[in-house]
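Me: I'd like to go through this one with you, starting with the fold and then moving to the chain contacts. Could you take me along the chain?
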Number of protein chains: 2
Amino acid sequence: MEAISPSKSLVDKTYGALLDAICTGEFRPGQRLGQDEIAERLKVSRQPVNSAIAMLRAQRFVIDTGRRGVEVAPVDAKLFESIYQVRGAIEPLAVELATPRLSPGSITRGREIVARGTRLMHANDARGVLQADIDFHTLIYELSGNEIITDMMQLNWGHLRRSMGEVLRFPGMTLQVWKEHKAIFKAMSEGSASVAADLMRQHIVNAPRRVASGTAPAVSSL
Amino acid sequence: MEAISPSKSLVDKTYGALLDAICTGEFRPGQRLGQDEIAERLKVSRQPVNSAIAMLRAQRFVIDTGRRGVEVAPVDAKLFESIYQVRGAIEPLAVELATPRLSPGSITRGREIVARGTRLMHANDARGVLQADIDFHTLIYELSGNEIITDMMQLNWGHLRRSMGEVLRFPGMTLQVWKEHKAIFKAMSEGSASVAADLMRQHIVNAPRRVASGTAPAVSSL
DNA sequence: TTCATGAAATTCGTATACGAAATACGAAAT
DNA sequence: ATTTCGTATTTCGTATACGAATTTCATGAA
């Protein structure tokens, strides 16, 4: 016999649905989120909606507006910059920690992700490429064995996904990204932790620069 | 005119009360948290309690136990180590960012905190020393201008406070801590960002070592 | 026409109610 | 005496109800 059904709670499902809608841009920045409306759309009562919104507020995905509910937080250039400063410190650490823990199975998984990202990039599947990007970095977080890194960065990727909605339309720019991913993982596979960490550091430094150079008018909003 | 009363919601107050009770050790690890009991003790209904617990669960302060509510998460040595790995990367970054942003006012504030910490240490006020420690590092987070660092580390300090409950009884060990704090802030005041960052890096490396060496039998539980 | 004023309608926060699921406990059978 | 099964109790998740506060809209005065 084995486990029956995880069947998450309505609060979790509501939270996930709202977070996804915010990150994909289905809910625009500044848009008001009414509890009644959401409850009706999701076919649940206001109670799970209220709890989910409380979490989103604690995580800065929505902000309070005076006394009448919340609205979707603006896509903030400062927040974007802050996250990249943090990534610049955390991602190399994750690589250092993960490299000596690599198993044959995880090497296979990593190569699959790199291959998938490269393939989807050539197929101009912007959304798929972003997902592969998230998968690549998340794999390293998990391999690091440091659950704090995993938790922190999962939240941060939520914010990043919002900003990257704008960048998604320039798949060509991600060619260099996937070359770098490949090089990073190669160094990790060979056990060269510090080399891989340096490559990752450079990768993170390059990333916001790419965003800024590729999106002429959108720059100011990032 | 200005704001009338912040008057936080019951959810926030409940969350704060529970978090504090967990961090100070008033709620022991493994202890079951019944919603009814908490609601009665705090003189609120179960609804805010339920929301608050959902947040604490997302932040790993409590864990699910089968189908019957939650219990206080164990004080986990692995989590402690993970946080220190992250701190080793984040704290020097915060110092680098904060140093060029120091104002005369913030220099005064920093010196006050160092003085207070040193004074309370000599007065054997362990709890006050811990608070000063938190204040010192939090000041740097805020001066860094990076709100992600502030948010992340505030959560982490919640977990750290739990572990440090054990260490509090050895105030003598904090002598070196406050010497290092003083040196770090001195370098920052002089604008030597990279020197200060290196001192901070060493400070974080030393910290868990101090904990391990000072608490003979308690080591295994950390 | 424009601004002020007040009543009606929204909408949120919190309390209470209800149903489902798990535990605890006791009775009966081996 | 021990184990097993059924029932009562506890407790959580979710729905609904209620009160307070704000917004909206209409009505009237300058």
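Predicted model: local features only at pLDDT ≥ 70, side-chain atom pairs only at ≥ 80, totals over all residues.

Me: What share of chain A's residues is buried?
Reply: Of the 222 residues in chain A, 49% are buried. Among contacts in chain A with a separation of 6 or more, 73% are between residues 24 or more positions apart.

Me: Switching to the interface, how much do chain B and chain A bury between them?
Reply: They bury about 2300 Å² between them, of which 55% lies on carbon and sulfur atoms. On the chain B side, R60(B), E147(B) and I148(B) lose the most area to chain A, and together they make up 23% of what that side buries.

Me: How many salt bridges are there between the two chains?
Reply: There are four salt bridges between chain B and chain A, including one in which the side chains of R60(A) and E147(B) meet at 3.2 Å, N to O. Counting polar contacts between the chains gives 12 residue pairs, both residues being at pLDDT 80 or more.

Me: Which element gives the largest share of chain B's side?
Reply: That is α4(B), which contributes 10 residues to the side touching chain A. By type, the residues of that side divide into 12 nonpolar, seven polar and five charged.

Definitions and conventions
Residues numbered from 1 in each chain as written. Chains lettered and ligands numbered in written order. Heavy atoms only, no water. Buried area = accessible area lost by both parts, 1.4 Å probe. Polar contact = N/O pair within 3.5 Å; in protein donor to acceptor, adjacent residues only side chain to side chain. Helix = DSSP H or I, 4+ residues; strand = E, 2+ residues; numbered from the N terminus. Nonpolar A, V, L, I, M, F, W, Y, C, P; charged D, E, K, R; others polar. Buried < 20%, exposed > 50% of the residue type's maximum accessible area, 1.4 Å probe, protein only. Contact = heavy atoms within 4.5 Å.
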